[in-house]
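Subject: Structure handover, with notes

Dear colleague,

I am passing on the structure below, followed by notes on what was found in it. Please read the notes with the structure open beside them.

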Amino acid sequence: MADYAEITYAVADRIATVTLNRPEARNGYTIRMADELGAAMDRADHDEDVRVVVLTGAGKDFCVGADLSQGGFDFDPSTGPDAAWQEPAGRCSKRIFAMNKPVIAALHGAAVGAGSTITLPCDYRLASADSRFGFVFTRRGIYPEGASAWFLPRLVGMGTALDWMISGRVFPAAEALEKGLVHKVFPAGTVLDEAYALAREIIANTAPVSVAVTRQLLYRMASAESPFPVHELDSKLIGGLGTSPDAVEGVLSFLQKRPPSFGMRVDKDLPSYLPWLDK
(Lines give C-alpha, C1' and ligand atoms only; values in the text may rest on other atoms or scores of the structure.)
Protein backbone atom coordinates (compact mmCIF):
# COMPACT_ATOMS: atom_id res chain seq x y z
CA MET A 1 0.00 0.00 0.00
CA ALA A 2 1.43 3.32 -1.07
CA ASP A 3 1.71 6.08 1.51
CA TYR A 4 0.16 9.44 0.69
CA ALA A 5 0.40 12.62 2.74
CA GLU A 6 -1.95 14.96 0.88
CA ILE A 7 -4.46 12.63 -0.78
CA THR A 8 -6.20 9.41 0.17
CA TYR A 9 -6.75 6.37 -2.04
CA ALA A 10 -9.30 3.63 -1.51
CA VAL A 11 -10.83 0.92 -3.67
CA ALA A 12 -14.27 -0.61 -3.09
CA ASP A 13 -16.67 -2.28 -5.51
CA ARG A 14 -14.21 -1.71 -8.39
CA ILE A 15 -14.26 2.07 -7.80
CA ALA A 16 -11.06 3.86 -6.81
CA THR A 17 -11.75 6.99 -4.78
CA VAL A 18 -8.96 9.59 -4.92
CA THR A 19 -9.53 12.36 -2.39
CA LEU A 20 -7.60 15.61 -2.03
CA ASN A 21 -6.90 15.57 1.68
CA ARG A 22 -5.72 18.94 2.98
CA PRO A 23 -9.05 20.19 4.34
CA GLU A 24 -7.34 22.49 6.82
CA ALA A 25 -5.90 24.35 3.81
CA ARG A 26 -9.08 24.00 1.73
CA ASN A 27 -7.18 21.42 -0.32
CA GLY A 28 -4.71 24.00 -1.57
CA TYR A 29 -2.72 22.44 -4.42
CA THR A 30 0.94 21.67 -3.79
CA ILE A 31 3.85 20.00 -5.57
CA ARG A 32 3.45 16.94 -3.37
CA MET A 33 -0.28 16.75 -4.05
CA ALA A 34 0.39 16.95 -7.78
CA ASP A 35 2.85 14.09 -7.68
CA GLU A 36 0.64 11.99 -5.40
CA LEU A 37 -2.34 12.50 -7.71
CA GLY A 38 -0.28 11.40 -10.69
CA ALA A 39 0.88 8.31 -8.82
CA ALA A 40 -2.66 7.47 -7.69
CA MET A 41 -4.05 7.77 -11.22
CA ASP A 42 -1.24 5.56 -12.46
CA ARG A 43 -2.00 3.03 -9.75
CA ALA A 44 -5.71 2.94 -10.59
CA ASP A 45 -5.06 2.71 -14.32
CA HIS A 46 -2.88 -0.38 -13.88
CA ASP A 47 -5.18 -2.16 -11.41
CA GLU A 48 -7.58 -4.48 -13.24
CA ASP A 49 -9.79 -4.54 -10.14
CA VAL A 50 -10.53 -0.84 -10.76
CA ARG A 51 -13.04 0.10 -13.43
CA VAL A 52 -13.79 3.74 -12.56
CA VAL A 53 -12.01 6.50 -10.61
CA VAL A 54 -13.89 9.07 -8.55
CA LEU A 55 -11.92 12.25 -7.80
CA THR A 56 -13.13 14.41 -4.92
CA GLY A 57 -11.95 16.57 -2.03
CA ALA A 58 -12.18 16.34 1.76
CA GLY A 59 -13.81 19.16 3.70
CA LYS A 60 -15.96 22.01 2.44
CA ASP A 61 -14.04 22.70 -0.80
CA PHE A 62 -12.75 20.60 -3.64
CA CYS A 63 -9.64 22.75 -4.14
CA VAL A 64 -9.01 26.50 -3.87
CA GLY A 65 -6.06 26.36 -6.28
CA ALA A 66 -2.35 26.56 -5.67
CA ASP A 67 -1.31 26.91 -2.05
CA LEU A 68 0.61 30.15 -2.47
CA SER A 69 2.05 29.83 1.04
CA GLN A 70 3.97 26.76 -0.15
CA GLY A 71 5.81 28.65 -2.88
CA GLY A 72 4.56 26.52 -5.76
CA PHE A 73 8.00 25.56 -7.11
CA ASP A 74 10.31 22.60 -6.70
CA PHE A 75 13.29 24.54 -8.05
CA ASP A 76 15.22 27.68 -7.15
CA PRO A 77 13.14 30.59 -8.54
CA SER A 78 16.26 32.73 -8.89
CA THR A 79 17.78 30.32 -11.41
CA GLY A 80 14.65 28.77 -12.88
CA PRO A 81 13.86 25.14 -13.64
CA ASP A 82 15.77 22.76 -15.84
CA ALA A 83 14.47 21.93 -19.30
CA ALA A 84 12.59 18.83 -18.12
CA TRP A 85 10.55 20.57 -15.40
CA GLN A 86 6.76 20.33 -15.66
CA GLU A 87 4.32 22.60 -13.88
CA PRO A 88 2.32 20.82 -11.16
CA ALA A 89 -1.28 20.99 -12.45
CA GLY A 90 -0.25 19.56 -15.79
CA ARG A 91 1.41 16.61 -14.10
CA CYS A 92 -2.06 15.57 -12.96
CA SER A 93 -4.14 16.64 -15.96
CA LYS A 94 -1.86 14.92 -18.47
CA ARG A 95 -2.05 11.67 -16.49
CA ILE A 96 -5.84 11.83 -16.38
CA PHE A 97 -5.88 12.52 -20.14
CA ALA A 98 -3.92 9.30 -20.74
CA MET A 99 -6.18 7.13 -18.55
CA ASN A 100 -7.81 3.96 -19.84
CA LYS A 101 -10.33 4.12 -16.98
CA PRO A 102 -13.06 6.77 -16.84
CA VAL A 103 -12.63 9.47 -14.19
CA ILE A 104 -15.60 11.17 -12.50
CA ALA A 105 -14.92 14.43 -10.66
CA ALA A 106 -17.32 15.03 -7.75
CA LEU A 107 -17.00 18.75 -7.01
CA HIS A 108 -18.22 20.90 -4.13
CA GLY A 109 -17.41 24.29 -2.70
CA ALA A 110 -14.55 26.13 -4.36
CA ALA A 111 -12.95 24.56 -7.44
CA VAL A 112 -10.75 27.36 -8.71
CA GLY A 113 -7.33 27.65 -10.35
CA ALA A 114 -5.76 24.21 -10.29
CA GLY A 115 -9.00 23.05 -8.66
CA SER A 116 -10.66 23.67 -12.01
CA THR A 117 -7.86 22.84 -14.44
CA ILE A 118 -7.04 19.36 -13.14
CA THR A 119 -10.68 18.30 -13.64
CA LEU A 120 -10.88 19.31 -17.31
CA PRO A 121 -9.63 15.94 -18.65
CA CYS A 122 -12.07 14.01 -16.45
CA ASP A 123 -14.84 12.18 -18.32
CA TYR A 124 -17.51 13.62 -16.05
CA ARG A 125 -17.63 16.69 -13.84
CA LEU A 126 -20.52 16.51 -11.39
CA ALA A 127 -21.05 19.56 -9.22
CA SER A 128 -22.77 20.37 -5.96
CA ALA A 129 -25.11 23.34 -6.07
CA ASP A 130 -22.69 25.19 -3.78
CA SER A 131 -19.77 24.80 -6.20
CA ARG A 132 -17.86 27.82 -7.50
CA PHE A 133 -15.42 27.76 -10.39
CA GLY A 134 -12.78 30.12 -11.65
CA PHE A 135 -9.74 30.30 -13.91
CA VAL A 136 -8.35 33.13 -11.80
CA PHE A 137 -4.80 33.34 -13.18
CA THR A 138 -4.99 36.85 -14.66
CA ARG A 139 -6.10 38.15 -11.25
CA ARG A 140 -2.87 36.81 -9.75
CA GLY A 141 -0.57 38.04 -12.53
CA ILE A 142 0.18 34.46 -13.59
CA TYR A 143 -0.76 32.19 -16.50
CA PRO A 144 -3.19 29.32 -17.16
CA GLU A 145 -1.75 25.89 -16.35
CA GLY A 146 -2.74 22.25 -16.49
CA ALA A 147 -2.91 22.45 -20.31
CA SER A 148 -6.23 24.21 -19.67
CA ALA A 149 -5.89 26.37 -22.79
CA TRP A 150 -6.19 23.11 -24.76
CA PHE A 151 -8.94 21.44 -22.74
CA LEU A 152 -11.27 24.32 -21.87
CA PRO A 153 -12.19 25.57 -25.39
CA ARG A 154 -12.95 21.99 -26.41
CA LEU A 155 -15.44 21.71 -23.56
CA VAL A 156 -17.16 25.11 -23.59
CA GLY A 157 -16.15 26.82 -26.84
CA MET A 158 -13.61 29.55 -27.46
CA GLY A 159 -15.91 32.44 -26.56
CA THR A 160 -16.69 31.17 -23.09
CA ALA A 161 -13.08 30.10 -22.51
CA LEU A 162 -11.91 33.61 -23.40
CA ASP A 163 -14.44 35.19 -21.06
CA TRP A 164 -13.57 32.99 -18.10
CA MET A 165 -9.81 33.04 -18.58
CA ILE A 166 -9.31 36.69 -19.46
CA SER A 167 -11.64 38.03 -16.75
CA GLY A 168 -10.49 35.50 -14.16
CA ARG A 169 -13.89 35.82 -12.51
CA VAL A 170 -15.40 33.20 -10.24
CA PHE A 171 -18.75 31.82 -11.42
CA PRO A 172 -21.42 29.56 -9.90
CA ALA A 173 -22.43 25.99 -10.65
CA ALA A 174 -25.46 27.15 -12.63
CA GLU A 175 -23.26 28.97 -15.14
CA ALA A 176 -20.84 26.04 -15.31
CA LEU A 177 -23.79 23.79 -16.18
CA GLU A 178 -25.25 26.19 -18.73
CA LYS A 179 -21.92 26.49 -20.58
CA GLY A 180 -21.11 22.78 -20.48
CA LEU A 181 -18.24 22.74 -17.98
CA VAL A 182 -20.14 20.36 -15.70
CA HIS A 183 -22.54 17.63 -16.74
CA LYS A 184 -25.01 17.89 -13.85
CA VAL A 185 -25.58 19.85 -10.65
CA PHE A 186 -26.94 18.17 -7.52
CA PRO A 187 -28.16 19.42 -4.15
CA ALA A 188 -25.43 20.13 -1.61
CA GLY A 189 -24.24 17.02 0.17
CA THR A 190 -25.32 14.54 -2.52
CA VAL A 191 -22.74 14.85 -5.31
CA LEU A 192 -20.42 12.09 -4.11
CA ASP A 193 -23.29 9.61 -3.88
CA GLU A 194 -24.33 10.60 -7.40
CA ALA A 195 -20.78 10.04 -8.64
CA TYR A 196 -20.78 6.54 -7.15
CA ALA A 197 -24.16 5.80 -8.74
CA LEU A 198 -22.79 6.81 -12.14
CA ALA A 199 -19.67 4.72 -11.58
CA ARG A 200 -21.78 1.67 -10.73
CA GLU A 201 -23.84 2.16 -13.88
CA ILE A 202 -20.69 2.26 -16.02
CA ILE A 203 -19.29 -0.85 -14.32
CA ALA A 204 -22.52 -2.82 -14.72
CA ASN A 205 -23.16 -2.03 -18.37
CA THR A 206 -19.92 -1.37 -20.24
CA ALA A 207 -16.88 -3.33 -21.39
CA PRO A 208 -13.56 -2.07 -19.97
CA VAL A 209 -11.59 -2.46 -23.22
CA SER A 210 -14.35 -0.78 -25.21
CA VAL A 211 -14.42 2.11 -22.74
CA ALA A 212 -10.63 2.50 -22.85
CA VAL A 213 -10.52 2.58 -26.65
CA THR A 214 -13.55 4.88 -26.94
CA ARG A 215 -12.19 7.35 -24.37
CA GLN A 216 -8.88 7.65 -26.19
CA LEU A 217 -10.50 7.74 -29.65
CA LEU A 218 -12.38 10.85 -28.59
CA TYR A 219 -9.38 12.58 -27.06
CA ARG A 220 -6.76 11.57 -29.64
CA MET A 221 -8.75 11.63 -32.86
CA ALA A 222 -11.41 14.33 -32.45
CA SER A 223 -8.94 17.00 -33.58
CA ALA A 224 -7.72 15.10 -36.66
CA GLU A 225 -7.56 17.26 -39.78
CA SER A 226 -10.27 15.19 -41.51
CA PRO A 227 -12.49 12.17 -40.78
CA PHE A 228 -10.39 9.92 -43.01
CA PRO A 229 -7.67 8.86 -40.53
CA VAL A 230 -10.37 8.36 -37.89
CA HIS A 231 -12.36 6.12 -40.22
CA GLU A 232 -9.19 4.21 -41.10
CA LEU A 233 -8.74 3.36 -37.42
CA ASP A 234 -12.48 2.68 -37.00
CA SER A 235 -12.26 0.18 -39.83
CA LYS A 236 -9.46 -1.75 -38.15
CA LEU A 237 -11.38 -1.81 -34.88
CA ILE A 238 -14.69 -2.88 -36.41
CA GLY A 239 -12.95 -5.39 -38.69
CA GLY A 240 -11.55 -7.19 -35.65
CA LEU A 241 -14.85 -7.67 -33.85
CA GLY A 242 -15.31 -11.16 -35.27
CA THR A 243 -12.63 -12.43 -32.88
CA SER A 244 -13.63 -10.25 -29.92
CA PRO A 245 -15.12 -12.17 -26.96
CA ASP A 246 -16.57 -8.95 -25.58
CA ALA A 247 -18.42 -8.23 -28.84
CA VAL A 248 -19.90 -11.73 -28.78
CA GLU A 249 -20.91 -11.29 -25.14
CA GLY A 250 -22.38 -7.86 -25.80
CA VAL A 251 -24.67 -9.21 -28.53
CA LEU A 252 -25.64 -12.37 -26.63
CA SER A 253 -26.43 -10.52 -23.41
CA PHE A 254 -28.63 -8.11 -25.36
CA LEU A 255 -30.49 -10.89 -27.16
CA GLN A 256 -30.84 -12.92 -23.96
CA LYS A 257 -31.98 -9.87 -21.99
CA ARG A 258 -29.41 -10.32 -19.21
CA PRO A 259 -26.59 -8.20 -17.77
CA PRO A 260 -23.32 -8.56 -19.72
CA SER A 261 -20.24 -10.27 -18.33
CA PHE A 262 -17.28 -8.87 -20.23
CA GLY A 263 -14.01 -10.74 -19.87
CA MET A 264 -11.43 -8.80 -21.88
CA ARG A 265 -8.78 -6.92 -19.89
CA VAL A 266 -7.28 -3.51 -20.50
CA ASP A 267 -3.82 -4.69 -19.49
CA LYS A 268 -3.80 -7.50 -22.07
CA ASP A 269 -6.40 -6.97 -24.76
CA LEU A 270 -6.08 -3.45 -26.16
CA PRO A 271 -5.55 -3.63 -29.95
CA SER A 272 -1.79 -3.43 -30.51
CA TYR A 273 -2.11 -1.07 -33.49
CA LEU A 274 -3.67 1.82 -31.57
CA PRO A 275 -1.48 4.80 -32.53
CA TRP A 276 -1.28 6.24 -29.02
CA LEU A 277 0.07 3.11 -27.35
CA ASP A 278 3.70 3.05 -26.24
CA LYS A 279 5.48 0.64 -28.53
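Strand 3 (residues 52-57) and strand 4 run parallel and are joined by 3 bridges, where two strands count as paired if DSSP finds at least two bridges between them, and where strands are DSSP runs of E with at least two residues, numbered from the N terminus. Within this pairing, Val-53 has Val-103 of strand 4 as its bridge partner. Strand 4 is also joined to strand 6 (residues 124-128) by 4 bridges, again in parallel, and there Leu-107 is partnered by Ala-127.

This is a predicted model, in which local features need pLDDT of at least 70 and side-chain atom pairs count only at pLDDT 80 or more, while totals for chains, interfaces and linings use all residues. Residues are numbered from 1 along each chain as its sequence is written, and side-chain values use heavy atoms, with hydrogens and water left out.

Ala-111, in strand 5 (residues 110-112), counts as buried because its relative accessibility is 1%. Its contacts (heavy atoms within 4.5 Å), leaving aside residues up to four places away in sequence, include Phe-62, Cys-63, Arg-132 and Phe-133.

Best regards

Technical notes
Buried < 20%, exposed > 50% of the residue type's maximum accessible area, 1.4 Å probe, protein only.
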